[in-house]
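This report describes selected features of one protein structure. The sequence and the coordinates are shown first, and the description follows.

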Amino acid sequence: MLQGNENILTAPDSILGDQQEDAETSIFGRQKNYIYKNKSNGTIILMSVSKRLGAHHEQWQHSIYYSNARYNSPDNDLKAYYADIYPPINAYHYSFEKLGYSVSCILVSNSSYDSGANTLAEFVKQVDIFLQGNV
């Protein structure tokens, strides 16, 4: 999708050490990033896949979501925290390890589209099926 453009985002050296030393073990050599944009509903999915080093575990890592209707509304019990400076978005994050890969997916959508958790869950399911067929 990015047609050969590179987009590198790394961890601080204090967490993983110098990441430019070895292309095989550094995040640069192991991580691939993908971006999907859906023009029909305005969602964006960011996905990062990296090859795991060491033992291969299968486990769910993280999930978190931000709902504009819940966390930035002037009309609910959190209205004291409302401000119009925050963008009207919903964001969902899932990450897991399976088949020697660590996968992290983030879905961002406009606040009028709030079935993102289901959309991202279906996307992650398709990624899992793809990984199972290509290991």
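How many salt bridges does the structure hold? There are two salt bridges in this structure, which is a predicted model.

## Salt bridges

Arg70 is partly exposed, its relative accessible area being 34%. Asp77 has a relative accessibility of 63% and counts as exposed.

The other salt bridge is formed by the side chains of Asp128 and Lys98, at 3.1 Å from N to O. Asp128 belongs to helix 4 (residues 116-133) and Lys98 to strand 4 (residues 89-98), so this pair ties together parts that lie 30 residues apart in sequence. Asp128 has a relative accessible area of 18%; because the cut-off for buried is under 20%, Asp128 counts as buried.

## Helix 4

Helix 4 consists of 18 residues. From its first C-alpha to its last, helix 4 reaches 26 Å, close to the 26 Å expected at 1.5 Å a residue.

The buried residues of this helix are Gly116, Leu120, Val124, Val127, Asp128 and Leu131. Viewed down the axis of helix 4, these buried residues fall within an arc of 110°, so they line one face of the helix. Asp128, the salt-bridge partner of Lys98, is one of the buried residues of helix 4. On the face turned away from the buried side, helix 4 carries the exposed residues Asn118, Phe130 and Gly133.

Five strands make up an open sheet in the order 1-2-5-4-3, and their pairing is antiparallel. Strand 1 (31-37) and strand 3 (59-66) stand at the edges; each has a single partner strand, so one side of each is left without a neighbour in the sheet. On average, neighbouring strands of the sheet are turned by 10° against each other, direction ignored.

Strand 2 and strand 5 run antiparallel and are joined by eight bridges. Ile44 stands opposite Val108 of strand 5.

## Helix against sheet

Helix 4 packs on this sheet and touches strand 2, strand 4 and strand 5. The direction of helix 4 makes about 25° with that of strand 4. Which strands do the buried residues of helix 4 pack against? They pack against strand 2 (44-51), strand 4 and strand 5 (101-110).

Technical notes: Residues are numbered from 1 along each chain as its sequence is written. This is a predicted model: local features need pLDDT of at least 70, side-chain atom pairs count only at pLDDT 80 or more; totals for chains, interfaces and linings use all residues. Side-chain values use heavy atoms; hydrogens and water are left out. A salt bridge is a side-chain nitrogen of Lys or Arg within 4 Å of a carboxyl oxygen of Asp or Glu. Buried means under 20% relative accessible area, exposed over 50%, partly exposed in between (1.4 Å probe, protein chains only). Helices (H or I, at least four residues) and strands (E, at least two) are DSSP runs, numbered from the N terminus. The expected span of a helix is 1.5 Å times one less than its number of residues. The arc is that of the directions from the helix axis to the C-beta atoms. Contact means heavy atoms within 4.5 Å. Two strands pair if DSSP finds at least two bridges between them. Axes are lines fitted to C-alpha atoms, for helices over the stretch in contact, and angles run from 0 to 180 degrees between N-to-C directions.
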